[in-house]
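Q: I'd like to learn how to read salt bridges in a protein model. Could you walk me through some?

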Amino acid sequence: MKLLALAVLLATAYSPVLALWPQPQSIETGSSTLRLAPGFQITVTGHGVPGDLLAAVGRTKKALFSDKLGRLVVGRGAADAPTFAQAKSLSRLTLTLGKGASFASITSEAQKAPEDRDEAYHLVLPADGSGATITANSTLGLFRGLTTFSQLWYEHGNTVYTVNAPVTIQDAPAYPYRGFMLDTARNYFPVDDIKRTLDAMSLVKINQFHWHAVDSQSFPLVIPGFTDLSDKGAYSSEQVYTVSDVRDIVSYAGARGIDVMVEIDTPGHTAIISQAHPDFVACAEASPWATYANEPPAGQLRFVNPDVTSYIGDLFSAAVKLFPSTMFSTGGDELNTKCYDIDEPTQSALNASGSTLEQALDVFTQKTHKVLEDKGKTPVVWEEMVLVHNVTLSKETKVIVWISSENVKAVVEKGYKLIHGASDYFYLDCGGGGWVGANPSGNSWCDPFKTWQHAYSFDPVANLTAEESKLILGGQHLLWAEQSGPQNLDPVVWPRAASSAELFWSGPGGNASAALPRLHDLSYRLRQRGVNAIALQPEWCALRPGACDLTA
Amino acid sequence: MGPARPYALVLLAFFTRCALALWPIPRSLVGGTTPVKLSPSFSIDLGDVHDPPADLLAAASRSRSRLDSDRFQRLVLGRGASDTGAIARAHTLHSVSLALCPGSLVRSIADETNKPIDSKSESYELWIPTNDTRAMLTANSTLGLLRGLTTFEQLWYDYGGVKYMLDGPLRIVDEPAFPYRGFSFDTSRNFYPVSDILRTIDAMSWVKLSVLYWHIIDSQSFPLGIPAFPELSEKGAYSLDEIYTGDDVQRIIKFANERGVDVVVEMDWPGHTTAISSAYPEHIACASKSPWSKYASEPPAGQLRIASPSTLSFAQTLFASVAQMLPGTMMSSGGDEVNLPCWEEDEQTKADLARRNITIDDALNEFVQTVQGVIVEHGKTPFIKSDMVLTHNAPVVDDTVVVVWQKSEDATAVAQRGLRLIHQPSNYFYLDCGGGEWLGNDVLGNSWCDPFKTWQRAYSFDPYTNLTIQQFSLVLGGQMPLWSEQSSPENLDPIVWPRLAAGAEVFWTGATLPDGLPRLNTNATASTHALARLNELRYRMVDRGVNAIALQPKWCVLRPGECDLES
């Protein structure tokens, strides 16, 4: 971490105006003004350049001139204008793969297992107007470098410029899994909202979309062979993700360096399956829901029933075909045993077989996971499958901690790779009050609101040994959508989700106070790109870094 | 105009069967069980209104087009598919006739809206018959007709393009419990384009809010373009593009007034004025002085030099210039959060005080009297923030309206002084609470008014708590404010809607629901009661282009009663 600390120090000492997010691992900057030439070109050396890299180059060229981000200082860059006349112009950026590397699409690089992704890049921006370069050992690394390059520039009076040339950046992520989870079951989000979110994620180098596609409330995912689930379980025939929608989302994400891990949460969170298959679901919509589920409606898979187990195996098998990711989340959170206590079919099956509920869960988990593993997929589960239930999981299984950050240690002590998503740091939906009816003074269970500063202060390896720390893959912000929909998606997510993006790219220990001006830059740039990121402060403060600190 | 007691039992059954999607719920309402639909050629007939004013014609025209464009379907499983039989046999309405009660003068909605707050007539009666093809809407004023049209629009569901309701015949007799039902909007901490303000006003009118309390300027920026003082906004706005020109202000006020929304401009003085220092540094003490926390409640510090005669004269002229721009009968001089060390350490203020041999309290009193004098001279009722009265004992004119903001308990102390008041307590109504700290370098800080104020919390407010019956008449109503340190066009709709509607019903419907039960009974927030209607309002708002947030998963919305705590 010493090198990182030095780099951050250098960055804040010598380049207070760089609008980069996440902060690169190592950066050196100067103080010359450099403009982008009107005919600025980006070229990729070599043959067989993949289409998604060429498309990324095209998008970057466009964004460089359409972002029109004014520097966040009083006057918004007017003071820089006098330096423009003397400034050199940059007319070319060249992307080059390192020696021995061969071209593969960004998509295929992004869809590798997190541990196998190569996102490192080296960026050089000379001050004299000679060509800028990005080199990397993968197209994914080149793409990350392009994203950084696009954040180097401000605009004033139609001049696109930096005042910090020359710039040299050596960069690679601290953690390979940097995600964002969206729940599209409690309320539905149209494909365009998801794509806009993917664009914003890509801007901050988030590389994993964890798609909690279905839940007890609705089943919007159309899975070939299982279309009765969405026919009967979606909120309406318009509120579904068709096969072509899913392909569209997966390829849109892939081209932006993002892998899509779908979650079909089982055996809990499945009440909606009862619409098409009432026999498969115990305690469906049982009342009082609070006895049988953490939220309404109650309903869980009758996993003791072998037909249900093979049905879910087949369902996973069909769903896997839609998602090229190496990972597939089977969920496993919030299983309620009282639901099964009152379920006659479950009880008689248990009596007949002489097994316990936990033993039956173990069988269900092993069988459904085997389907995935046979197809080369790594199962991903919520923490209870490791900490609460006594089920057999392959050691490759990845575990997401959500209940509390205090449970991290227990998961890694069992030797599983871990993804941080603890509610006490990363839940974007907390703090909006209770949503259950007839509960006038109810608060959200995970009160209070999780500020960006709080997430930013998270230590991914707190209380872990060096060996245990190696099991940390990264982490993510999460949006559960009981109180969210397309109407507030952007404001509830952005810029907060960017705080974990930097935490897991740049590494922990960042100073939130020093980061704030850059987060303002990011927020303003997101808005320029049509993402409704909220204001973190009055604009008066955004234009005067430090002036609104607590002790200023 | 109490509820029709004999019908209470009928209505109870009616409400559990199918809640009408009305918000705020009328004071009195009697419905039946006959389905009614609108003829495709349905018309809003103003023939009985002699020489109808242009803004009433426009309102009728908007209502007519909303009857077509609203595609709001019933929030039940199937979204109205089970109503097809009812729709087929429904009684068809061909028109609604608007009429003013005999003896009423025909004035524009805007003129009615700009009457003094305690003399507006917003009452109306609406009759949806099942034995006639003509519905009737009557009122004592065009403003009442507007309120009735707003209710009329909310009666209808859409299924397959047919607009229908299930509760005919229906008689509504309605008027607000409180005349002042507001939204306080800060456009200084962050700027909002005119179009955002207009959309917000439109949505306000859908829930019969009557006042936009426009906190237009503050220490951070001065977006108000004043023709006589152009340099204030030229130098004090965030940019030349982030200014409300005189024309913008007139356009906003006209748009609001035509929708029954009065506009109260607040010039929050003598604190909250730092932005004036960009153009007039001589009038501001402790401008941007550090540490800000010693001199102000939030950065940047800066207050008018109240002891300076030239500043007083400047304030008087400036206030008059703004007052002249405003057609309404109310104006606020704010006055919250004044900071004494700011003046105590200001050399010029010290010299002014010494030369004039007065204290800061004297100067503050003089300042308040001066700006209130300007407001009164312009024929307007002065508003002032509660701390100016309760903390500083500033002498205010008798008909001052006090904005109670720090905490709900302060209303009692204000009433004890015999002053009229509106409720805006931070512990119930602040829309900005709960988003965490916005100051820098305060990593674990929370917003000062944590937690988030839920709609349920706002809805639970009782405007008469701790007041004597004799004091009730002092309560004009209340408002929910949005302070914009952490808000901007990006989250305006989601942070305001539908929560602001909770305040709208608190002050329109008052203490009693049309079924005769107390509004604040234990089931108020149950999904078979207010929540079901609020979900309907939210879906209708989204349909109309306002990004109101989801209160629940749609699964719950379609099944009223199944997501209650005890369901």
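Q: Let's begin with B:K254: is this residue buried or exposed?

A: In this predicted model, B:K254 has 51% relative accessibility and counts as exposed, because the cut-off for that label is over 50%.

Q: Which residue does B:K254 pair with in a salt bridge?

A: The general idea first: side chains of opposite charge can pair when their charged atoms come close. Here the partner is B:E258, and the closest N and O atoms are 2.9 Å apart. Both residues sit in helix α8 (residues 246-258) of chain B; they are four residues apart, so about one helical turn separates them. B:E258, at 18% relative accessibility, counts as buried.

Q: What is the accessibility of A:K470, and which residue does A:K470 meet in a salt bridge?

A: A:K470 is exposed, at 60% relative accessibility. Its side chain meets that of A:E467, with 2.7 Å from N to O. A:E467 is exposed too, with a relative accessible area of 54%.

Q: Where do A:R117 and A:D259 lie in chain A?

A: These two form a salt bridge, their closest N and O atoms being 3.2 Å apart. A:R117 lies in the loop between α3 (106-110) and β3 (121-125), while A:D259 belongs to strand β9 (residues 259-266), so the pair ties together parts 142 residues apart in the sequence of chain A. Both residues are buried.

Q: Which residues are linked in a network of salt bridges?

A: In chain B, the network links B:R66, B:D70, B:E153, B:D202, B:R259, B:R540 and B:R544.

Q: And how many salt bridges are there over all chains?

A: The structure holds 57.

How values were computed:
Residues are numbered from 1 along each chain as its sequence is written. Chains are lettered from A and ligands numbered from 1 in the order in which they are written. This is a predicted model: local features need pLDDT of at least 70, side-chain atom pairs count only at pLDDT 80 or more; totals for chains, interfaces and linings use all residues. Side-chain values use heavy atoms; hydrogens and water are left out. A salt bridge is a side-chain nitrogen of Lys or Arg within 4 Å of a carboxyl oxygen of Asp or Glu. Helices (H or I, at least four residues) and strands (E, at least two) are DSSP runs, numbered from the N terminus. Buried means under 20% relative accessible area, exposed over 50%, partly exposed in between (1.4 Å probe, protein chains only).
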